[in-house]
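We will go from stop to stop, and each stop tells you what to select.

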Amino acid sequence: QHIHLHQYSCFAMKLAILATLIGSTAAFTASSFNGVGVQTSIRSSSSSTLKMETIEDLEVLALKLNPIVPAFDPLGLSRSNFWGSTQEETIGFIREAEIKHGRIAMFAFVGYLATANGWHFDWAMSLDGTPFPTTTNPPEAWDAIPDGGKLQIFGFVGFLEFWREVNSEKHYMRGGKPGEFPDFDSTKIPGGALNLYDPLGTARKQTTEEKANGLIKELNNGRAAMLGIIAFVSEAKIPGSVPLLKGLIQPYDGEIMAPLTKSILPHLPQFS
């Protein structure tokens, strides 16, 4: 029997596909780290000493995350220097990327399961009264979303990325906390409705230790979700590729990694 894929919400479906494309952002105050003092004058009019995570910090974090596999970096990314940056700046980039992708993957995993089990919004999806897709296959549900809706999602995700990059007190490659998302101006957005992780302000009352423990759980859950959602879409695209899911996931004959294949792309000269 299939894990039926109904549309929990078109929104959840969109997130499911976006998980393989874009790392969205959500707020979380990351744990503190020991770090190393790094002199930098990049993007600043004067040099300042910033605290950056080091390889040693990653080794300590790895033990907290998984004592059985204390370190896993087969490609040596944490020891690289991306775009001519320092090793510590590269670590900041990698840490931010993992947290972002883990968060969106958690949304995607839950959305995929919810859609599979017949959940979807009952009201109209579009102003013309078009209902949310009722297909039980998440990738097919995404294909059924109007182009305008898809572009709205991309635009919103892009806005979140922009806000994260330009409004943080310190950039994550310049000593800022990986995974931290700046609040929105409550004078423009009443009640901080888009303060994604902590809309009720409960996390702000947690101690530093509680926040650090929460981040460990978030990282582990995010890693599991990334493996889970890629397993779902792999099995859908190539039946039998994930033995444990064989016969449980409905097949999909579209292009998982090209979300506009059946709408916008065919009308572009280079794809026609």
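Helices in this tour are DSSP runs of H or I with at least four residues, strands are runs of E with at least two, and both are numbered from the N terminus. This is a predicted model: local features need pLDDT of at least 70, side-chain atom pairs count only at pLDDT 80 or more, and totals for chains, interfaces and linings use all residues. Residues are numbered from 1 along each chain as its sequence is written, and side-chain values use heavy atoms, with hydrogens and water left out.

**Stop 1: the largest cavity**

On a 1 Å grid over the protein atoms alone, a cavity is a set of points where a 1.4 Å probe fits but cannot get out; a pocket is an open set with protein on both sides within 12 Å along at least five of seven lines; lining residues have an atom within 4 Å of a point. Grid points are joined across faces, edges and corners, and a volume is the space filled by probe spheres set on the points.

By this rule there are 2 cavities of 30 Å³ or more. Select Glu 98, Ile 99, Gly 102, Arg 103, Glu 218, Leu 219, Gly 222, Arg 223 and Met 226, which line the largest cavity. Two or more lining residues come from each of α3 and α6. Helix α6 gives the most, with 5 residues. The volume of this cavity is about 40 Å³.

Now colour the lining by type. Ala, Val, Leu, Ile, Met, Phe, Trp, Tyr, Cys and Pro count as nonpolar; Asp, Glu, Lys and Arg count as charged; the others, Gly among them, count as polar. You get 3 nonpolar, 2 polar and 4 charged residues around the largest cavity.

**Stop 2: the largest pocket**

Select Phe 72, Asp 73, Ile 94, Glu 98 and Arg 223. Of the 27 residues that line the largest pocket, these lie nearest its centre. Show α2 (55-65), α3 (87-116) and α6 (208-237) too, as each gives two or more residues to the pocket lining. The pocket has a volume of about 980 Å³. Its lining holds 17 nonpolar, 4 polar and 6 charged residues.

**Stop 3: salt bridges**

Side chains of opposite charge can pair when their charged atoms come close. A salt bridge here is a side-chain nitrogen of Lys or Arg within 4 Å of a carboxyl oxygen of Asp or Glu. The whole structure has 8 of them.

Select Glu 89 and Arg 174. Their closest N and O atoms are 3.3 Å apart. Glu 89 sits in helix α3 and Arg 174 in the loop between α5 and α6, 85 residues apart. Are they buried or exposed? Both Glu 89 and Arg 174 are buried, meaning under 20% relative accessible area; exposed is over 50% and partly exposed is in between (1.4 Å probe, protein chains only).

Next, select Arg 223 and Glu 98. This salt bridge is 2.5 Å from N to O. It links helix α6 to helix α3, across 125 residues. Arg 223 counts as partly exposed because its relative accessibility is 34%. Glu 98 is partly exposed too, at 22%.
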